Amino acid sequence: MDRKPCSNSLAVKTSHVLPPDTNNHGTLFGGKLMAHIDDVAALAAVRHARLPVVTASTDSVDFLEPVKEGDSICVEAFVTWTHNTSMEVFVKAVTEDLLTGERSVCTTAFLTFVAVDDNGRPIPVPEVYPETEQEKQLHQFAPERAAQRKKRRQHAKELAKNFGTAYPWN
């Protein structure tokens, strides 16, 4: 399996923020932005692996700047690190006031995807390698982020086991 540069997986999506996409404050629904993030990150993961993928995790998504009705939202994603069957994808979302041209980063996030075969079982992916300084920085600290995700996932499993499926009022 050939190694691939981070840049080969780059996926970009730009959308116009229209009234149905906004809340009562006239800003983009957080869930709508998260859907854009998952969509573009999945494109990057498939582009890297050339296999079907599933979302395994989304690290915290912090809304740094509001995205207003009439603005555009540009979501960029690329694979920063791979580990056997999984891929870490970095996502950056930039909002632009289309009338003034003012742009700002409104969100960054890391998502993990797993490549799957026809039976939905994990399957190996090509290794990724960084070329630019920014890619190298993201790649260097990816194992640390992966360890944090593993710890967080274990904690989530413990919570699920402790709370179970019973309704809280039973």
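# Asking how we know: a walk through a predicted model

Visitor: Why is Thr14 called exposed?

Guide: The relative accessibility of Thr14 is 53%. Exposed means over 50%, so at 53% Thr14 counts as exposed.

Visitor: Which residues does Thr14 touch, leaving aside its neighbours within four places in sequence?

Guide: Thr14 is in contact with Ser72, Ile73 and Cys74. For Ser72, 58 residues apart from Thr14 along the chain, the C-alpha separation is 6.7 Å.

Visitor: Let's go on to Thr95. Where is Thr95 placed, and what makes Thr95 count as buried?

Guide: Thr95 has its place in strand 5. Buried means under 20% relative accessible area, and Thr95 is at 4%, so Thr95 counts as buried.

Visitor: How do you know that the side chain of Thr95 has a polar atom in polar contact with the backbone oxygen of Ser72?

Guide: The two atoms lie 3.4 Å apart. The cut-off for a polar contact is 3.5 Å, so the pair at 3.4 Å falls within it. Ser72 is also among the residues in contact with Thr95 beyond four places in sequence, together with Pro66, Val67, Asp71, Ile73, Glu102, Arg103, Ser104 and Cys106.

Visitor: Cys106 is on that list. Is Cys106 buried or exposed, and how do you know?

Guide: Cys106 has a relative accessible area of 1%. The limit for buried is under 20%, so Cys106 is buried. Its place is in strand 6, residues 103–115.

Visitor: Which residues are in contact with Cys106, its neighbours within four places in sequence left aside?

Guide: They are Leu33, Asp62, Phe63, Leu64, Glu65, Val67, Ile73, Ala93, Val94 and Thr95. As for Lys92, 14 residues apart from Cys106 along the chain, the two C-alpha atoms are separated by 7.9 Å.

Visitor: How many disulfides does the structure hold?

Guide: The structure holds zero disulfides. Cys6 is in none, and the nearest cysteine sulfur to Cys6, that of Cys74, is 18 Å away. Cys74 is in no disulfide either, with the sulfur of Cys106 as its nearest, 9.7 Å away.

Visitor: Why do Cys6 and Cys74 count as buried?

Guide: Cys6 is at 0% relative accessibility, and Cys74 is at 11%. Buried means under 20%, so Cys6 counts as buried, and so does Cys74.

Visitor: What makes the phi of Arg50 worth a look?

Guide: Most residues other than glycine have a negative phi. Arg50 is not a glycine, yet its phi is positive, about 55°. Arg50 is found in the loop between helix 1 (30–49) and strand 3. With a relative accessible area of 60%, against a cut-off of over 50%, Arg50 is therefore exposed.

Visitor: And what about the phi of Asn84?

Guide: Asn84, not a glycine, has a positive phi of about 55°. Asn84 is in the loop between strand 4 and strand 5. Its relative accessible area is 53% and exposed means over 50%, so Asn84 is exposed.

Visitor: What lines the second largest pocket?

Guide: There are 13 lining residues, and those nearest the centre are Glu76, Phe78, Phe90, Lys92 and Gln134. Strand 4, strand 5 and helix 2 (133–140) each give two or more residues, and helix 2 gives the most, with four. This lining divides into six nonpolar, four polar and three charged residues. The second largest pocket holds about 270 Å³ of space.

Conventions. Residues numbered from 1 in each chain as written. Predicted model: local features only at pLDDT ≥ 70, side-chain atom pairs only at ≥ 80, totals over all residues. Heavy atoms only, no water. Buried < 20%, exposed > 50% of the residue type's maximum accessible area, 1.4 Å probe, protein only. Contact = heavy atoms within 4.5 Å. 1 Å grid on protein atoms, 1.4 Å probe; cavity = no way out; pocket = protein on both sides within 12 Å on 5 of 7 lines; lining within 4 Å. Points joined across faces, edges and corners; volume = space filled by probe spheres on them. Nonpolar A, V, L, I, M, F, W, Y, C, P; charged D, E, K, R; others polar. Polar contact = N/O pair within 3.5 Å; in protein donor to acceptor, adjacent residues only side chain to side chain. Disulfide = S-S within 2.5 Å.
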